[in-house]
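Good morning, colleagues. Please look at the display.

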Amino acid sequence: MNIALFVLFIGARFLLSPRPAATGYGVPAKENGDAAYLTVKGLRDLAYGILGLALLIFAGARAEAWFMLVVALLPLGDTLIVLRHGGTKAVAFGIHFATAVVVLLSAALLFAV
């Protein structure tokens, strides 16, 4: 459940404080552009956080485990995005790839329940 809450926080941050959130993501937003990217990222993360919580509350651990397995694709994709768009390897692997590993471990633990 903590991961879903964290994803909700990230989504809200992109909607409320988009430029610092983009910098934290690893690909700073251009001063006079990228507004759509920032909004889409925020909405995407909010929706995934809400869906994760709903699955855990209403469908149980096994449904949440499958969801987490699929959701691990997002931080893996984020890793590639950061690397392809000038972000540092430290951010790409230290934040995004590490997040994918944590999500996959969470899925494994949920499958074990």
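Let me begin with H96. Neighbours within four places in sequence being set aside, H96 is in contact with Y25, P75, D78, T79, V82 and V91. What you have on the screen is a predicted model. H96 belongs to helix α6, and with a relative accessibility of 7% it counts as buried, because the cut-off for that class is under 20%.

Is Y25 buried or exposed? Y25 is buried, its relative accessible area being 6%.

Which residues does Y25 touch, again leaving aside those within four places in sequence? The contacts of Y25 are F14, Y37, K41, D78, I81, V82, V91 and H96. With D78 there is also a polar contact, side chain to side chain, at 2.9 Å. D78 is likewise among the residues in contact with H96. As for distance along the chain, Y25 and I95 are separated by 70 residues in sequence, yet their C-alpha atoms are 8.2 Å apart in space.

K41 is part of helix α3, which spans residues 35–59. This lysine is buried, at 9% relative accessible area. Its side chain makes a polar contact with the side chain of D45, at 2.5 Å. Beyond its neighbours within four places in sequence, K41 is in contact with I10, F14, Y25 and D78.

Helix α4, residues 61–71, packs with helix α6, residues 89–112, at an angle of about 155 degrees, and the axes are 8 Å apart. The angle makes α4 roughly antiparallel to α6, and their crossing is left-handed.

Which residues make this contact? From α4 they are A61, R62, E64, A65, W66, M68, L69 and V71, and from α6 they are V103, L104, S106, A107, L110 and F111. Sorted by class, the contact comprises 11 nonpolar residues, one polar residue and two charged residues.

Notes. Residues are numbered from 1 along each chain as its sequence is written. This is a predicted model: local features need pLDDT of at least 70, side-chain atom pairs count only at pLDDT 80 or more; totals for chains, interfaces and linings use all residues. Side-chain values use heavy atoms; hydrogens and water are left out. Axes are lines fitted to C-alpha atoms, for helices over the stretch in contact, and angles run from 0 to 180 degrees between N-to-C directions. Helices (H or I, at least four residues) and strands (E, at least two) are DSSP runs, numbered from the N terminus. Angles under 35 degrees count as roughly parallel, over 145 as roughly antiparallel, 65 to 115 as roughly perpendicular and the rest as oblique. A crossing is left-handed if the near helix is turned anticlockwise from the far one by less than a right angle, and right-handed if clockwise. Contact means heavy atoms within 4.5 Å. Ala, Val, Leu, Ile, Met, Phe, Trp, Tyr, Cys and Pro count as nonpolar, Asp, Glu, Lys and Arg as charged, and the others, Gly among them, as polar. Buried means under 20% relative accessible area, exposed over 50%, partly exposed in between (1.4 Å probe, protein chains only). A polar contact is a pair of N or O atoms within 3.5 Å; within protein, one must be able to donate a hydrogen and the other to accept it, and residues adjacent in sequence count only if both atoms are side-chain atoms.
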